[in-house]
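Please read the points beside the sequence and the model.

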Amino acid sequence: MAMTDSELATTSTLLDFQNVQLTYPNGTIALSGVDLTVKRGEFVTVVGPSGCGKSTLLRIASGLESSSEGISTVNTKRVGYVFQDATLLPWRNVRANVELLAELQWETQAVRREKAQKAIDLVGLTGFEKHLPRQLSGGMRMRTSLARSLTLDPELFLFDEPFGALDEITREYLNDELLKLFVEQQFAGLFITHSVSEAVYLSTKVMVMSGRPGRIVDTFDVPFPMPRDPDIRYTGEFAALVGEVSHALREGHGA
Ligand SMILES: Nc1ncnc2c1ncn2[C@@H]1O[C@H](COP(=O)(O)OP(=O)(O)OP(=O)(O)O)[C@@H](O)[C@H]1O
């Protein structure tokens, strides 16, 4: 039974997958028996090799695909989504790109402006409002995409490998920015990546996915507190956890 708006506002589990399977129309089984929850306050990362079904998982979470078997429930209407590439409209400047979702919701121009400016300020793009996407770096394009979703004030934020195409320094910088937003804006996150160190650094929980069809082969709670100290990346305990997750990935890959 669908939840009422007040039930939605108070439930702690924002995303709930039980025994989810997805078979594409061509017969490819992309996911099998996936159990996964994302609760308020959690930042869950799914790490796994290419082709194991990570994007498929996110497409189900965002409603772009429906599971063939099992139950997938999203208990909020405020879902943000950031894709692998920034998907900006090339003829629109930063402000107009960020206003796009508010525009689709028929918000007035004053409200659109206000929401967009707040989001632009949050992602550190103040002063670049009139730049076109081609005048921005890859990192700035990704920030613009992030800002556009922030205008929805999401309770649940889905990220499909947003920083995969960026150089390592920019990626680390944006990881820190994202963690800052996670703490300040209090959304829950579901993040997809190939990078084990990125997964451990960003998350409260890391899920290792592997195989074809993909399934969750291991789950790790990340014990480092939020807000996260950037220097945690250079400690032995961080390296040890990265090692454990990498080991689970290798084991899963061989399974
Ligand atoms: N629309 C589709 N129709 C048929 N098969 C698909 C479709 N999309 C994905 N697949 C297949 O489903 C499986 C999982 O794909 P998916 O893109 O979810 O993996 P992934 O882990 O996100 O990969 P990558 O890390 O390379 O992005 C793959 O075998 C892929 O070929």
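**Notes on the predicted model**

1. The UniProt annotation "domain: ABC transporter", from an unreviewed entry, covers residues 15–236; UniProt positions follow the numbering used here, feature names are shortened, and annotations may be inferred rather than shown by experiment.

2. The model is predicted: local features need pLDDT of at least 70, side-chain atom pairs count only at pLDDT 80 or more, and totals for chains, interfaces and linings use all residues. Residues are numbered from 1 along each chain as its sequence is written. Helices (H or I, at least four residues) and strands (E, at least two) are DSSP runs, numbered from the N terminus.

3. An open sheet is formed by 3 strands in the order 2-1-4, with antiparallel pairing; two strands pair if DSSP finds at least two bridges between them. Strand 2 (29–39) and strand 4 (69–74) are the edge strands, each pairing on one side only. Strand 1 (residues 13–23) is joined to strand 2 by 7 bridges, and V20 stands opposite V34 in strand 2.

4. A further antiparallel pair consists of strand 8 (residues 205–210) and strand 9 (residues 215–221), over 6 bridges. S210 has R215 in strand 9 as its bridge partner. This hairpin has 4 residues between the strands, and G211 takes a positive phi near 90°.

5. Which residues surround the ligand? Among them are Y24, N26, T28, A30, G48, K54, S55 and T56; a residue is near a molecule if its C-beta atom, placed from the backbone, lies within 6 Å of it. Helix 2 (residues 54–61) gives the most to this shell, with 3 residues. By class, the shell has 3 nonpolar, 8 polar and 1 charged residues (Ala, Val, Leu, Ile, Met, Phe, Trp, Tyr, Cys and Pro count as nonpolar, Asp, Glu, Lys and Arg as charged, and the others, Gly among them, as polar).

6. The domain assignment gives domain 1 (13–22 + 40–78 + 155–255) and domain 2 (89–153), with bounds from an automatic or database domain assignment. Their centres, taken over C-alpha atoms, are separated by 25 Å. In domain 1, 10 residues are in contact with 9 residues of domain 2 (C-beta atoms, placed from the backbone, within 7 Å). Helix 7 (residues 168–185) gives the most to the side of domain 1 that touches domain 2, with 4 residues. The residues of that side divide into 7 nonpolar, 1 polar and 2 charged.

Notes
Contact = placed C-beta atoms within 7 Å.
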